[in-house]
Amino acid sequence: MFKIDKSKSINSLIYVINRLKELNEKSDLHKVMKILYFSDREHLVKYGFPITGDTYFKMKFGPVPSFMNYVATNDHNDEKYRGIITKKNKYLTSNVDIDIEDLSKSEITCLENSIITYSKYNFKQLTEISHKDAWNKSDWEINYFDIAKEGGAEEDMLKYIKERAINESISFNL
């Protein structure tokens with residue numbers, strides 16, 4: 001529904017990894033992907049658009065952002081994104097400096113809220129929390145409209161999200 005912003009996606013990914021390290025929390029792949037999902041969901045519900053615009057797929061253990069997972073796992077041959085994130089076993093680190101100017105105050109706030117709220121949960125708890133309506137309704141790609149509804153978006157915001165997604169899709173296809 002939304003066009004991905006790869007720069008915001010990478011900076012959000014680095015932000016979450018760095019903040020978890022500062023909080024002495026392990027930045028395992030599952031936890032990082034769920035925090036990014038909940039950050040995107042909160043921003044979508046509050047402001048009518050996600051932080052990253054990444055495509056979330058329904059996976060066994062919850063929603064996974066396609067591009068950010070691609071960057072985090074380094075399971076690709078794209079030199080442009082190789083080495084941004086280091087994955088050792090299931091844990092992520094980054095030695096790349098974040099471009100904090102790429103993230104707005106509202107985006108940082110949503111990232112922080114999700115980090116504080118979800119960083120203490122374990123694998124099983126995060127899996128359960130992320131297996132809600134949007135995940136259940138999906139066969140593969142999770143619809144942002146369903147994510148917004150799951151996150152508690154009001155009717156006016158849902159209408160706005162639909163219109164914004166349609167407009168973005170039209171301008172993207174021109």
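E22 is exposed, at a relative accessible area of 54% (exposed means over 50%, buried under 20% and partly exposed in between, with a 1.4 Å probe and protein chains only). The model is predicted, so local features require pLDDT of at least 70 and side-chain atom pairs pLDDT 80 or more, whereas totals for chains, interfaces and linings use all residues. Residues are numbered from 1 along each chain as its sequence is written, and side-chain values use heavy atoms, without hydrogens and water.

**View 1. Salt bridge between R19 and E22 in helix α1.** A salt bridge places a side-chain nitrogen of Lys or Arg within 4 Å of a carboxyl oxygen of Asp or Glu; the structure holds 9 of them. For R19 and E22 the N to O distance is 2.6 Å. The two residues are 3 positions apart in helix α1 (residues 6–22), about one helical turn; helices are DSSP runs of H or I, at least four residues, numbered from the N terminus. R19 is buried, with a relative accessible area of 17%.

**View 2. Salt bridge between E42 and K46.** The closest N and O atoms lie 2.8 Å apart. Both residues belong to helix α2 (residues 29–47), where 4 residues, about one turn, separate them. E42 is buried at 17% relative accessible area, whereas K46 is partly exposed at 44%.

**View 3. Salt bridge between E79 and R82.** The side chains meet at 3.9 Å, N to O. E79 is exposed, at 60% relative accessibility, and R82 is partly exposed, at 34% relative accessible area.

**View 4. Network of R19, E22 and E112.**
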